[in-house]
Amino acid sequence: GRPSNWSPEVRAAMEGAYRPVSTLVNANPPRHTRYRKLATSLFSARRTAGAMDGRMHEIVHALIDGFPASGEVDFVEAIAVPFPIKVISEILGFPAGEYQTFKRWTDSAMVAIAGGVETERLVRAARDLTEFQRYLLGIIEHGRGEPADDVVGHLANATVPDVDGPRLLTPEETIGVGLHLLTGGAETTTNLLGSLLHRITTTPGLLDQVRTDPAVVPTVIEETLRMDSPFQALFRRTTEAVTLAGVDIPAGAKVLVSFGSANRDERQFDQSEEFRPERGGSHIAFGFGTHFCLGAPLARSEALIATQAIAGRLAGLRAKPGSEIVQHEHAFLRGLRKFDIQYDQVRPRTERGQHDEGRGGSRDLRTPRSVPHRRTPSSSPTASRRSCWSRPACRTRSRRCWRTWPASRSWCTTARSPCRAR
């Protein structure tokens, strides 16, 4: 929270540390625009989902290789936590072998924005975040002398516009951007993966569909994002007086914006409390507009690859009967802290680490044979882009529209207008 709200114990734990500054999540244009452009450039195509595709397959299959030959595992501990944090660590330029330390830091970052947390836990969080600051700034200092081709290497030498011209980021700005990228790249996907496999293994017939019809998988991911939005809410302030549902809210009021509630709005979704993958991708789990999640395509790719690997390699996969399912205790997050699964056999890897399962065969689930690529008409300014659920199909009205594959919808839910990528 804000330094003005810190207890004496937290202040003591943060002694000598840098105070947080608003960069992405809690900043508005033009300040937000400055850091958003920077973060977007750091997450260029060479350093994100496309470039990491092979490594993501390798990482998740290496984790599965470590499973017992048969039996049970806690899916959250075995896959949902280590997989995304290893991926984002490699993208950032952190050693993936230290992922448990990075997880401790991201957990503490989430605690720092939660309410109702005991002072003792807040003090531990403050110490963890101080440790993260020292770690990151040490890498940044080294990167300015010997820049590497990773996100942190580019962050070390990135500049932002200022009154007197471009300048390097301050330590406070560097910490703000770096912590946002680490936590956003880990926590969102961890929570999504746990909820996703829980849906797949507890919804009758869904696991069989996932194994036999690759085109189903992206729609299952999107419906899980709608039903179990990893980030449920954020505090915001109104910029002007407004009346919502008969309630007058003055300008400057602090409000809690609930994405999770909006994604179950019965006025927008028929039978909104039912899990229906055929709905497509109309949700705001990754936010909307200016603050749309920068890592959305990465999270979707990770979810796809993990689902592909788990469903293909674990014969007899099922949720452990009678096992306790532990939900996340954070008020703003939705996800599982513990989810035990059982299986009869770990199948060996095949080419690209995939297992030939049913009619789906061994292929990349993002490009199902049964659904041809839809290309933009040559007259469109976005003709060089594919309308694919994991890639930016268009920039209608200067906003990114992340489409669901297969591209069966003609309405752009981002721009609220007909999709121009079809």
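1. Let's start with Q271. In this predicted model, Q271 is partly exposed, because its relative accessible area is 43%, a value between the 20% and 50% cut-offs. You will find Q271 in the loop between helix 12 (259-262) and helix 13 (296-313). Its backbone deserves a look too: Q271 is not a glycine, yet its phi is positive, at about 50°. For background, most residues other than glycine have a negative phi.

2. A second residue to look at is A245. Here too phi is positive, about 50°, although A245 is not a glycine. A245 sits in the loop between strand 5 (242-244) and strand 6 (247-249). Is A245 buried or exposed? With a relative accessible area of 86%, A245 counts as exposed, because the cut-off for that class is over 50%.

3. While we are on the backbone, turn to P30. The peptide bond leading from P29 to P30 is cis, with omega near 5°. As a general rule, most peptide bonds are trans. P30 belongs to the loop between helix 1 (8-13) and helix 2.

4. Now step back to the whole chain. It contains 13 helices and 15 strands. Of its 422 residues, 52% count as buried. Take the contacts between residues at least 6 apart in sequence: 66% of them join residues at least 24 apart.

5. In soluble globular proteins, nonpolar side chains tend to be buried together.

6. Which residues is I88 in contact with, leaving aside neighbours within four places in sequence? They are F43, L181, L182, G185, A186 and L298.

7. Helix 9 (residues 171-202) also packs against helix 11 (residues 216-227), at an angle of about 110° and with the axes 10 Å apart. This angle makes the two helices roughly perpendicular, because the range for that class is 65 to 115 degrees. Their crossing is right-handed. On the helix 9 side the contact involves L192, S195, L196, R199 and I200, and these meet V220, I221, T224, L225 and M227 in helix 11. Sorted by class, this contact has seven nonpolar, two polar and one charged residues.

8. Helix 9 has a further partner in helix 2 (residues 31-42). How are helix 2 and helix 9 packed, at what angle and how far apart are their axes? The angle is about 55° and the axes are 12 Å apart, so the two helices are oblique to each other. Helix 2 passes helix 9 in a right-handed crossing. The residues that meet are R34, Y35 and L42 from helix 2 and E173, V177 and L181 from helix 9. By class, they divide into four nonpolar, no polar and two charged.

9. F332 counts as buried because its relative accessibility is 10%, and the cut-off is under 20%. Not counting residues up to four places away in sequence, F332 touches I113, P230, F231, Q232, A233, F235 and L256. F332 and S229 are 103 residues apart in sequence, and their C-alpha atoms are 9.9 Å apart in space.

How values were computed
Residues are numbered from 1 along each chain as its sequence is written. This is a predicted model: local features need pLDDT of at least 70, side-chain atom pairs count only at pLDDT 80 or more; totals for chains, interfaces and linings use all residues. Side-chain values use heavy atoms; hydrogens and water are left out. Axes are lines fitted to C-alpha atoms, for helices over the stretch in contact, and angles run from 0 to 180 degrees between N-to-C directions. Helices (H or I, at least four residues) and strands (E, at least two) are DSSP runs, numbered from the N terminus. Angles under 35 degrees count as roughly parallel, over 145 as roughly antiparallel, 65 to 115 as roughly perpendicular and the rest as oblique. A crossing is left-handed if the near helix is turned anticlockwise from the far one by less than a right angle, and right-handed if clockwise. Contact means heavy atoms within 4.5 Å. Ala, Val, Leu, Ile, Met, Phe, Trp, Tyr, Cys and Pro count as nonpolar, Asp, Glu, Lys and Arg as charged, and the others, Gly among them, as polar. Buried means under 20% relative accessible area, exposed over 50%, partly exposed in between (1.4 Å probe, protein chains only).
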